[in-house]
Number of protein chains: 2
Amino acid sequence: MRLLPHPATDDIQLTEVLRALSDPIRLEIVARLATYGEMTCTVAGDSLGVHKSTASHHYRTLREAGLVLTKQEGRLKYMSLRRDDLEARFPGLLDSVLLATPVGGHA
Amino acid sequence: MRLLPHPATDDIQLTEVLRALSDPIRLEIVARLATYGEMTCTVAGDSLGVHKSTASHHYRTLREAGLVLTKQEGRLKYMSLRRDDLEARFPGLLDSVLLATPVGGHA
DNA sequence: TTTATTGTTTGACAACTATCCAACAATGCT
DNA sequence: AGCATTGTTGGATAGTTGTCAAACAATAAA
């Protein structure tokens, strides 16, 4: 099991988080992770209507913004939401965004 | 007193709100409006370190995203945060962003 | 070892963004 | 009428973004 590089909780920047969430594709990925928990990139990015390389760029953006944690096991990479870290850094923020973002929704 | 065009509450889009808030200059303007209430563009944009035309573009972005309401009185334009509209549309969102954004702060 | 799976990287490209500057428009004041 | 104030608009520009396609890398499975 190998962990990819992530920003420390204290280094997560509000504007970067908001920017990462401001793309509909990334918001949908985050909503899926919130609803179904940890999943592989392939599952998280299924039927989003974008090329897999595009999805891969979005995974990176989410990771570098501090929204998701990615760990590699074998040939799979598992992503999960950094809920606790985000709650500690920006209380209530993620919850309010998720409340407004149904999975498969209109956002 | 003249009101500029704004999106209706139901037409405010989450991703556009998040995108509007993801710029440090705009976030600072929003934080000022939240702290001090309605103010003119000149006051809201004072000592932000950008040209007045740049600031003007940011006012427009905030208005079109549904974050602020702008009304003209004489030659002044007053901006105010659409707190109630935003709370109705995305409960808790603005508060959590403001909680993480001190005026004159590091965001 | 060969093949399939999973995901990243690089290049290209069009669209968008933030910025400044200069000119303009609208209003109020003298 | 002339001037100052307040803010917007349009042009230019440099940088960023989202996207696809093709090639690649790493791992697992046959």
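In β4(B), B:Thr40 has B:Tyr78 as its bridge partner, and B:Met39 is partnered in the strand β4(B) by B:Met79. Strands here, like helices, are DSSP runs numbered from the N terminus (strands, E, at least two residues; helices, H or I, at least four), and two strands are taken as paired if DSSP finds at least two bridges between them. By this rule β2(B) pairs in the antiparallel sense with β4 (residues 76–81) of chain B over two bridges. The model is predicted: local features need pLDDT of at least 70 and side-chain atom pairs count only at pLDDT 80 or more, whereas totals for chains, interfaces and linings use all residues. Side-chain values use heavy atoms, with hydrogens and water left out; residues are numbered from 1 along each chain as its sequence is written, and chains are lettered from A and ligands numbered from 1 in the order in which they are written.

In chain B, four strands make up an open sheet with antiparallel pairing and the order β1-β3-β4-β2. Its edge strands are β1 (2–3) and β2 (39–40) of chain B, each of which pairs on one side only. Helix α2 (residues 24–36) of chain B packs on this sheet and touches β2, β3 (68–73) and β4 of chain B, contact meaning heavy atoms within 4.5 Å. The direction of this helix makes about 85 degrees with that of β4(B); axes are lines fitted to C-alpha atoms, for helices over the stretch in contact, and angles between N-to-C directions run from 0 to 180 degrees. Six bridges link β3(B) and β4(B) in the antiparallel sense, and B:Lys71 has B:Tyr78 in β4(B) as its bridge partner. These two strands form a hairpin with two residues between them, in which B:Gly74 adopts a positive phi near 60 degrees.

The sheet of chain A is likewise described strand by strand. Four strands in the order β1-β3-β4-β2 (chain A) form an open sheet with antiparallel pairing. Because β1 (2–3) and β2 (39–40) of chain A stand at the edges with a single partner strand each, one side of each is left without a neighbour in the sheet. Helix α2 (residues 24–36) of chain A packs on the sheet, where it touches β2, β3 (68–73) and β4 of chain A, and its direction makes about 85 degrees with that of β4(A). Two bridges connect β2(A) with β4 (residues 76–81) of chain A in the antiparallel sense, with A:Met39 opposite A:Met79 in β4(A). The antiparallel strands β3(A) and β4(A) are joined by six bridges, and A:Val68 is partnered by A:Leu81 in β4(A). In the turn of the hairpin formed by β3(A) and β4(A), which has two residues between the strands, A:Gly74 has a positive phi of about 60 degrees.

At the interface, 19 residues of chain A are in contact with 19 residues of chain B. The two chains bury about 1,400 Å² between them, 76% of it on carbon and sulfur atoms; buried area is the accessible area (1.4 Å probe) that two parts lose on being put together, summed over both. Zero salt bridges are counted between chain A and chain B, a salt bridge being a side-chain nitrogen of Lys or Arg within 4 Å of a carboxyl oxygen of Asp or Glu. On the side of chain A that touches chain B, α1 (14–21), α2 and α6 (93–99) of chain A each supply at least two residues, and the largest share, five residues, comes from α1(A).
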